Amino acid sequence: MTGLEGAKMVCADGLVRQVYPILATFIGDYPKQCLIAYCAENHCPKCHVPADQCSANSKYPPRDQT
């Protein structure tokens, strides 16, 4: 188990270090996830829909995903 025993990994500076990786998850509703990730809550990540129209089933131009 790598989390307990550790593993040697090469870091960005080229040095080899002993690391103890863990897998962490967070389960929460969308507003809570936005709070944790510092993202805009009333903003669609896929299109340019106005905040007051998020629940409407309408087509809006897509955002640039690059």
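This briefing describes selected residues, a strand pair and a surface patch in one protein structure. The model is a predicted one, and residues are counted from 1 along the chain. Within it, strand β1 (residues 7-10) and strand β2 (residues 16-19) run antiparallel and are joined by 4 bridges, while Phe26, Leu35 and Ile36 make up a nonpolar patch on the surface. Valine 49 and arginine 63 both have their place in the segment after α2.

**The hairpin of β1 and β2**

- Strands β1 and β2 form a hairpin with 5 residues between them, and in that turn glycine 14 has a positive phi of about 90°.
- Two of the pairings can be followed across the strands: methionine 9 has arginine 17 as its bridge partner in β2, and valine 10 stands opposite valine 16 in β2.

**The salt bridge**

- Side chains of opposite charge can pair when their charged atoms come close.
- The structure holds 1 salt bridge, and arginine 17 forms a salt bridge with aspartate 13, in which the closest N and O atoms are 3.1 Å apart.
- Arginine 17, which is also the bridge partner of methionine 9, has a relative accessibility of 36% and therefore counts as partly exposed.

**The nonpolar surface patch**

- Together, Phe26, Leu35 and Ile36 have about 330 Å² of accessible area in this patch.
- Leucine 35 lies in helix α2, and because its relative accessibility is 58%, where exposed means over 50%, leucine 35 counts as exposed.
- Isoleucine 36 also has its place in helix α2, and at 52% relative accessibility isoleucine 36 likewise counts as exposed.
- Isoleucine 36 and phenylalanine 26 are 10 residues apart in sequence, and their C-alpha atoms are 9.4 Å apart in space.

**Valine 49**

- Valine 49 lies in the segment that follows α2 (30-37).
- The relative accessible area of valine 49 is 11%, so this residue is buried, given that buried means under 20%.
- When neighbours within four places in sequence are left aside, valine 49 is in contact with Cys44, Cys54 and Tyr60.

**Arginine 63**

- Arginine 63 is also placed in the segment after α2, and with a relative accessible area of 25% arginine 63 is partly exposed.
- Not counting residues up to four places away in sequence, arginine 63 touches His43, Cys44, Pro45, Lys46, Cys47 and His48.
- For one of these residues, cysteine 47, the backbone oxygen lies 3.0 Å from a polar atom of the side chain of arginine 63.

Notes. This is a predicted model: local features need pLDDT of at least 70, side-chain atom pairs count only at pLDDT 80 or more; totals for chains, interfaces and linings use all residues. Side-chain values use heavy atoms; hydrogens and water are left out. Buried means under 20% relative accessible area, exposed over 50%, partly exposed in between (1.4 Å probe, protein chains only). Contact means heavy atoms within 4.5 Å. A polar contact is a pair of N or O atoms within 3.5 Å; within protein, one must be able to donate a hydrogen and the other to accept it, and residues adjacent in sequence count only if both atoms are side-chain atoms. Two strands pair if DSSP finds at least two bridges between them. Patches are made of residues with over 30% relative accessible area and no salt bridge: like charges are joined within 9 Å, nonpolar side chains (Val, Leu, Ile, Met, Phe, Trp, Tyr) within 5 Å. Accessible areas come from the Shrake-Rupley method with a 1.4 Å probe; for residues, only the protein chains shown count as cover. A salt bridge is a side-chain nitrogen of Lys or Arg within 4 Å of a carboxyl oxygen of Asp or Glu.
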